[in-house]
Every structure is written in C-alpha cells, then in structure tokens.
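I opened the model today to go through it one stretch at a time. These are my notes, in the order I made them.

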Amino acid sequence: MEELDGEPTVTLIPGVNSKKHQMCFDWGPGEMLVCETSFNKKDVTSRFHLKFLHLFECFLPLWHHKMFRAHLVCHFIFCRLVRVSKNYRSVIRACMEEMHQVAIAAKDPASGRQYSSQVRGVTTVVLAPLFPSLLPAGPLLLHLLDWVRLHVCEVDSLSADVLGSENPSKHESFWNLVTILVLQGRLDEARQMLSKEADTSPASAGMCRIMGELMRTMPILSPGNTQTLTELELKWQHWHEECERYLQDCTFASNPHLESLCKIMLGDEAALLEQKELLSNWYHFLVTRLLYSNPTVKPIDLQYYAQSSLDLFLGGESSPEPLDNILMAAFEFDIHQVIKECSIALSNWWFVAHLTDLLDHCKLLQSHNLYFGSNMREFLLLEYASGLFAHPSLWQLGVDYFDYCPELGRVSLELHIERIPLNTEQKALKVLRICEQRQMTEQVRSICKILAMKAVRNNRLGSALSWSIRAKDAAFATLVSDRFLRDYCERGCFSDLDLIDNLGPAMMLSDRLTFLGKYREFHRVYGEKRFADAASLLLSLMTSQIAPRSFWMTLLTDALPLLEQKQVIFSAEQTYELMQCLEDLTSGRPVHRGPDTQQCQDDDIETTKVEMLRLALARNLARAIVREGSLEGS
C-alpha cells in the first residue's frame, strides 16, 4: 500500500479527550459519525456504553448554495462530452467570484478561512487549458494573467473604495491600488489612476505622463494581433531599454512610488519581492515576473521559472503548502501528479472528477486499471457521484455520472438509489422514473412496496392498491384487497371506486384482487337492474373458490334481494348450488359457549341470517321448480 505524502490534518472535537476515552466512528457518504465510549481495552468484560454522538458533515463549502450553479452547469457540460475546458472555466469563474464574496462577508473568521481555502483550491482549474493543448508562448502568458486576476479579485473592491472618495489621489490606498494594477498587468487602469495624480499634483504631472506613456507603449501580444513572436520580442526589448534609460537618468527619483513602479516594469526581482503583501502568493509573483522579464516564455520553460519563483518568494521561511504542490505539478505538465495532489489536498472530488474526465476525453490521460477493475476516470466519477447522493437536492445529478461509468456505474447506482429517503411521493416518483428508464426491475418493485406500505399505514387503500399493482406484488395486492373487503363490510360501500372499476387486466395479479374486481362488477350490474347477469356473476364467485370463506355470508346475503324478486332469477340448479354453499358454511362454523354477551349477540344475528337465507332459498327453489315444470309442460 502506498504511503501518505504528508501527515493528515488533525480535527479537534470540542469536549472530547481522546487520551482518556476511546473513540469509535463510522464513515458515510459526505459525513462521519463519531462517538465517545467507555469501553476498556484491558477489561474484555466491560460493556459498550454510548455517551455522546458527534456528526461531522464533510465538504461544507462544496454544498454551499452559491456552488449549486457549478454543480448543475458542470453536469450539463459533462453529459454532452464537451472537449474544451473554456465552458468549465467560465462556470467556475462566476461561482468562485460569488464564493469569494461569501468568504469576505462571513462573520465567523473560521468560516471565512474555510471558504477562502475552497476558493483557492478550485481556482487551480484555470490551469486546465495547459493540458488539452500546449499553448503557444504569447497566449500562455495571457491565460496566466487572466488566472491571476481571477484569484486576486480584491483589487476591484479596493478600486471602488478609492474612486468613491472625494480625492482619490490622496486616498491612503491610492498607491497600493496603482501598484496592484501594475502587478496584474492592468496598465490601462493604472494609467487612468495616474492621470488623477497628475491632475491634483502639478509637481509630479510630468513624471506621471512619462510613466503613463511607458505603460501605453508596452508591447503585449493580444488575441487579435497578427505580429510574430520575433517582432514582439524586438519591440519589447526596445521598450525595456527605454524604461531602463528613464530609471538610470533618475527621471522618477523624486517620487519613490513611480520609481518603484518603473523597477517593477523592468522585472527587478528585489522590487517585486518588496511588494510581497500586495502579491499575496508566489504564483502571482511568478506571473508578474514573467510579464516584465520574459513575456514570450515557452510552456516547456515554465516549470523552471515556477520553481525559482517559489524559492524566492518563500525565502526558506516556510515550506510549500499542498496547493503549491498541485500548481508545481501543473506547471511541469505532470497530469497524474496533479490528480494525485488534488485528491490529497482538496476536500471533495468535484474538481478532480471533472478534470480527469476532461483529460480522458482529450486522449491525454493514460488511465491504468485499478485493482477492482475500474480505471482512474471511472473511480473518481464514482466517488463524486456518491458524494452527490449524500445531498438532498443534488442526488439527481449523481445518476447521470453513474450512467457514464461503464464498469461499476450500474451496480453503484442500484446500491445508492435504494438508500434514498422517500420523504414525499413526488420524490418517490422521481426515483421510480429513474429506475424504470434504466430497467431496474428489483428497485422499482422495492420502491413500490415501500410506498404501498406507507399508504396502508395512512389508510389510503386506493394508493396502496395502485402501488402494489405497479410493483406486481401478488401477496401485497391480496393484503390490500382484504382491507378493501373488510372496509366494505364495516361501511357497506367501497372507497376508490374509480380505481376498482378500471383495474382491467391488473385484476389477474392475485385471486383476491380478481374477486374484488368481480365483486365490484356484480354491484355495478345489479345497480343497472341486470338481475340475471348479476345472479350468474354472484354464483360464479361462490363456486369458483376465489372468494374468501369469511366473505361467503356477505355474498349469500347479497343474494337475498335476488331471491325475493317477483321474477325467478336463480334456476333450480343454481338454487341447489347456493344451498350447498350455505350448508358448507354453517357446518364448519364453531359453536361458542360462554358468558360473552357480545359474542352471543353476534351468533344470534348470524343464526337469523341463516334462517332467512334458508327460507328464501326454499321459496325460490319451489318457484323455480314450478316455473321450469310449466315451461317443460308447455
């Protein structure tokens, strides 16, 4: 097993002394459950005793509502297999600017540092264009400048503060603002600021005009420019010599701020290092250094400048941070090392998963199979999708990520989708639709069973029957049908008639459901006064053995109105069959003896029903025999 490159971060749990008490924990997708126990390792007979529970949620900045746009739009791009990184970068840029504002506005310093760290971590995605296509020398620096401006965005708020004052040139942060603009290569804005200094300070007006002219004439390769690198290098060399001549002539000697700006524009390392506070980090120092000393730097030389800039900026006072290692690996074009360092340093798989997928589509990632049969791209997508399923709103995005994992995506989706809490029927329908679209038969059946059980507990029999039919669960359909019949016996009418009337072929799922549908059909035919059809249907329900024995008395009672009709409905043969059913029912009934008054009353009622049925059957049999004999005689 490969060893860790560094010590893991220690997280202190408030109120817990890990030296005195043992801790046990369990990992979950996106969170970890930790508890303090009184278990004693020396005393094997001691009992496990739970004292406190601590639930730690991971990836909090990732789940911030400001990041939802990043998840949604990156998912949109991912599903369409876009092979250029500009779409990803534009989305991330907008979200990172919002996250930066959240970090500034955070009242809790710890939360502010957390969001700032997240901003810094995912901003490294701007270096993604270095992998898909090795940029030419000129555009490379333009991309690096754009990256720095994205990362160091405090200058915009500082500019608004300075320009909003009554006299901007006298503002305490005026020269800091001008210096930052020059360090970021925003020379047009710096010239506008210097013009304000020239207007309010006649003594320095001439120097400001000279400095502004140097800024205006600095040659920079723009995207629409057709000049060659050789022409750019010649113009830049001439401009550099002009700046050096002004400095040697002590043109700006009387104004230390302008003299410092001139040294910066000459690429003087000492002058740049004096602005450490304004540069804020070593890669800002790197880009500024390249802008004013080697603007046509080639990608292959970038790693050497990066390493020297890192050493100069840190000066041996501190060691590189994990994110510094990510950038160094990116400048060295070591793709696998970038992925490895990001996996270690970042608190989630969002950035790593999309970067790896992007590189894989560009045929630049030579993935190797992992020990469990998947490649690196699929492994990272599986991890990211698992994290999405831990979120109550973003779990639907994880479904598509699983779909694009050919080896283990289907199995992982089946395992995760079974663990989604079905809090509402609307959410359940979404999950069900996802399963049906992917022919996940077992999961569909399981979800329908869960929803059917919930409906039964809430006494929503129609919904329960509908879900059991959709699950094709004969046993549960039988259970719900029994509840319908019991409810009919208690209330004397059916609920959810629309559902029962339109069962169609679904009633063949179970015998009890068939009986329920046919019994409801008997009531409908009887209501239409089609007594002969109703009698035949009722008799078939009795003799086909699909009716529950406990319901026979109800069926025989339903036959009473038909037996008492003026017209003979049941034939003699049909009447004999009804009489046989009645005898089978009464012969198997137990005889109750005891002081139970309620039971005695129930027995009396049943006895009365039986006597009435026997009388009605006997009279109907006599009428049927007479009628049939008359017909034969005629």
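Predicted model: local features only at pLDDT ≥ 70, side-chain atom pairs only at ≥ 80, totals over all residues.

**Entry 1: helix H29**

I started with H29, which runs over residues 572-587.

Next I listed the buried positions in H29. They are Ala572, Gln574, Thr575, Leu578, Cys581, Leu582 and Leu585.

I looked up what Gln574 touches beyond four places in sequence, and found Ser536, Leu539 and Ile569. I also checked Gln574 against Ser540, which is 34 residues away along the chain. Their C-alpha atoms are separated by 9.9 Å.

**Entry 2: Ser468**

I moved to helix H23, residues 461-471, where Ser468 is found. Is Ser468 buried or exposed? Its relative accessible area is 2%. The cut-off for buried is under 20%, so Ser468 counts as buried.

I then asked what the side chain of Ser468 reaches. I found the backbone oxygen of Leu465 at 2.8 Å. Leaving out residues up to four places away, Ser468 touches Ala452, Asp473, Phe476, Ala477 and Leu509.

**Entry 3: the cores**

I looked for the largest nonpolar core. It has 99 residues. Phe515 and Tyr519 have the most contacts inside it.

Tyr519 is in contact with Tyr488, Phe494, Leu541, Phe551, Thr554, Leu555 and Asp558. I also noted a second, separate core of 60 residues. Among its members are Leu140, Phe174, Met211 and Phe285.

**Entry 4: the whole chain**

I finished with the totals. The protein chain has 30 helices and three strands. Of its 634 residues, 45% are buried. The accessible surface comes to about 33,800 Å², and carbon and sulfur atoms hold 52% of that.

Residues 24 or more positions apart account for 61% of them.

Terms used
Residues numbered from 1 in each chain as written. Heavy atoms only, no water. Helix = DSSP H or I, 4+ residues; strand = E, 2+ residues; numbered from the N terminus. Buried < 20%, exposed > 50% of the residue type's maximum accessible area, 1.4 Å probe, protein only. Contact = heavy atoms within 4.5 Å. Areas by Shrake-Rupley, 256 points an atom, 1.4 Å probe, with all protein chains shown as cover. Core = buried A, V, L, I, M, F, W, Y, C linked by side-chain atoms within 4.5 Å. Polar contact = N/O pair within 3.5 Å; in protein donor to acceptor, adjacent residues only side chain to side chain.
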